[in-house]
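Please read it with the structure open.

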Amino acid sequence: MNVTLNGEARRLGEHASVREAVAASGAEAGARGLAVAVDGEVVPRGEWDAVELREGQCVEIVQAVQGG
């Protein structure tokens with residue numbers, strides 16, 4: 001399935017979950033300050049395994065960092 005992951009076209013396996021998209025991005029799923037939005041809607045960490053992505057969706061993964 002094709003999605004947009006942090007602004008780049010990416011191919012994920014069929015029935016990929018949000019957690020799989022996080023792994024594909026290279027982000028550490030257990031890291032603090034990690035947030036995911038699918039088509040502009042934040043997906044709570046507790047739902048990452050349950051939310052299945054669909055063809056063409058836009059997934060944004062951001063990591064809060066300390067500093068200025």
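Throughout this note, buried means under 20% relative accessible area, exposed means over 50%, and partly exposed lies in between (1.4 Å probe, protein chains only). This is a predicted model, in which local features need pLDDT of at least 70 and side-chain atom pairs count only at pLDDT 80 or more, while totals for chains, interfaces and linings use all residues. Residues are numbered from 1 along each chain as its sequence is written, and side-chain values use heavy atoms, with hydrogens and water left out.

1. Five strands make up an open sheet of mixed pairing, in the order 2-1-5-3-4. Strand 2 (8-11) and strand 4 (41-42) are the edge strands, each with a single partner, so one side of each has no neighbour in the sheet. Helices (H or I, at least four residues) and strands (E, at least two) are DSSP runs numbered from the N terminus, and two strands pair if DSSP finds at least two bridges between them.

2. Strand 1 and its partners. Strand 1 (residues 2-5) runs parallel to strand 5 (residues 58-63), joined to it by two bridges, and antiparallel to strand 2, joined by four bridges. L5 stands opposite V59 in strand 5 and opposite E8 in strand 2. Strands 1 and 2 form a hairpin with two residues between them, and N6 in that turn has a positive phi of about 50°. The covered face of strand 1 carries V3 and L5, whereas N2 and T4 are on the uncovered face.

3. The nonpolar core. A nonpolar core is a set of buried Ala, Val, Leu, Ile, Met, Phe, Trp, Tyr and Cys residues joined through side-chain atoms within 4.5 Å. The largest one has 16 residues, of which V18, V36, L53 and V59 touch the most other members. Strand 1, helix 1, strand 3 and strand 5 each give two or more residues to this core. Contact means heavy atoms within 4.5 Å; leaving aside neighbours within four places in sequence, V59 is in contact with T4, L5, N6, A21, V36, A37, V38 and L53.

4. A buried glutamine. Q57 lies in the loop between strand 4 and strand 5 and counts as buried, at 8% relative accessibility. A polar atom of the Q57 side chain is 2.7 Å from the backbone nitrogen of R54. Not counting residues up to four places away in sequence, Q57 touches N2, V3, T4, V38, D39 and E52.

5. Positive phi in two loops. Most residues other than glycine have a negative phi. D39, in the loop between strand 3 (34-38) and strand 4, has a positive phi near 50° and is partly exposed at 44%.

6. The salt bridge. How many salt bridges does the structure hold? There is one, counting a side-chain nitrogen of Lys or Arg within 4 Å of a carboxyl oxygen of Asp or Glu. The side chains of R19 and D49 form this salt bridge (2.7 Å, N to O). R19 belongs to helix 1 and D49 to the loop between strand 4 and strand 5, so the pair ties together parts 30 residues apart in sequence. R19 is partly exposed at 30% relative accessibility, and D49 is exposed at 54%.

Conventions:
A polar contact is a pair of N or O atoms within 3.5 Å; within protein, one must be able to donate a hydrogen and the other to accept it, and residues adjacent in sequence count only if both atoms are side-chain atoms.
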